[in-house]
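Load the model in your viewer and keep a selection panel open. The stops below can be followed in order.

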Amino acid sequence: MKYIYGPVPSRRLGRSLGVDLVPRKVCTYDCIYCQVGKTTRLTLEREEYVPAADILRDVHAALSEGDKGIDYIACSGSGEPCLNSAIGEIIAGIREMTGVPIAVITNSSLLSQQEVREALLRADCVMPSLDAATQNSFQEINRPHPAMQVAEIIEGLTAFRSAYRGQLWLEILLCQGINDSEKEIDALRAAIRRIRPDRVQLNTVVRPAVEASAVALTLDQMELIKSALGDTAEIIADFTGMRHVALPEKIEERIIRIVERRPMTPDDLVRVLSLGTEEITMIADKLIAQRKLKPRSFNQQLYYEIDTGEPSKKVS
Ligand code: SF4
């Protein structure tokens, strides 16, 4: 089954069976935050890159193996799935095979084309992304094919919403210093008002990216943007997996100030400071060695508290 992966646990879709519609890194964008690598074919040409019959044969084989507890079949891949000109036929073919809901994860770039919008109408959930609503930031973060205009993509998303009755979850990936300013968030808010997605899902660079210029926001910064974008916005970034992120300034003082208020678990600090578990453990070990913090066990859970020089109370 060459074109199927998983089922994989997905934060947004539960257990999803992935379907690869295009070869690796055939894409309309070359995003600075891409986890797959640099785009090798930057194109707007829609073709049957992978024949629909081959994909449907693989989906059928995967489903024939019995109940895998799949919540969604996700048409995505390591490129832009709507570049496959047979995507509508593929969705319709899967629909005939199973009642498992079908999701499409797309970068939105081709939704300005009516035939692409029509092809996605039979999906249960469409998850388009829109990282910027100004042309400059769009070019900086997504490095699209030179012919692409973000205004046309927003038009396409708006037209799709008008015709589509399923769930529309708009993902925005935020990068430090590129699409997180007040001006950029205002532009995104105006676009969201037009598109009317069911959910706005905020993400940031929590996995190694193709370019070092793609830097994550902290959870605090994400929370501020979430409030600015209204009730449908939610944070989907999984900060617990963050690695290779430069430590914020004065991080040791910040940890001490937080722990002064109340003892914190490593997971609490991961959430509050938007760092990975490894980084928190490394800094806490250093502060323990300097006798600024001390570990304490409570209900079989590790906490950090301020080291006052007094022995810890025995707690079970
Ligand atoms: S749209 Fe997706 S696959 Fe294409 S470059 Fe961006 S992150 Fe990578």
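How do helix 5 and helix 6 stand to each other, roughly parallel or roughly perpendicular? Select residues 150-163 for helix 5 and 182-195 for helix 6: their axes come within 8 Å and cross at roughly 30°. Helix 5 and helix 6 are therefore roughly parallel. Angles under 35 degrees count as roughly parallel, over 145 as roughly antiparallel, 65 to 115 as roughly perpendicular and the rest as oblique. Axes are lines fitted to C-alpha atoms, for helices over the stretch in contact, and angles run from 0 to 180 degrees between N-to-C directions.

Two notes on what you are looking at. This is a predicted model, in which local features need pLDDT of at least 70 and side-chain atom pairs count only at pLDDT 80 or more, while totals for chains, interfaces and linings use all residues. Residues are numbered from 1 along each chain as its sequence is written. Helices (H or I, at least four residues) and strands (E, at least two) are DSSP runs, numbered from the N terminus.

Stay on this pair and show Ile 154, Leu 157, Thr 158 and Arg 161 of helix 5, which meet Ala 191, Arg 194 and Ile 195 of helix 6. Contact here requires C-beta atoms, placed from the backbone, within 7 Å. These contact residues divide into four nonpolar, one polar and two charged. Ala, Val, Leu, Ile, Met, Phe, Trp, Tyr, Cys and Pro count as nonpolar, Asp, Glu, Lys and Arg as charged, and the others, Gly among them, as polar.

Next, select helix 9 (residues 266-273) and helix 10 (residues 277-289), whose axes come within 9 Å and cross at roughly 115°. That makes helix 9 roughly perpendicular to helix 10. Pro 266, Leu 269 and Val 270 of helix 9 touch Thr 277, Ile 280, Thr 281 and Ala 284 of helix 10. Five of the contact residues are nonpolar, two are polar and none is charged.

Eight strands form an open, mixed sheet in the order 1-2-5-6-7-8-9-10. Strand 1 (4-10) and strand 10 (233-235) are at the edges with a single partner strand each, so one side of each has no neighbour in the sheet. Strands pair if DSSP finds at least two bridges between them. Strand 1 and strand 2 pair antiparallel over five bridges, with Ile 4 opposite Val 19. Strand 2 (residues 14-20) runs parallel to strand 5 (residues 72-76), joined by five bridges; there, Asp 20 has Ser 76 as its bridge partner.

Note on methods:
Two residues are in contact if their C-beta atoms, placed from the backbone, lie within 7 Å.
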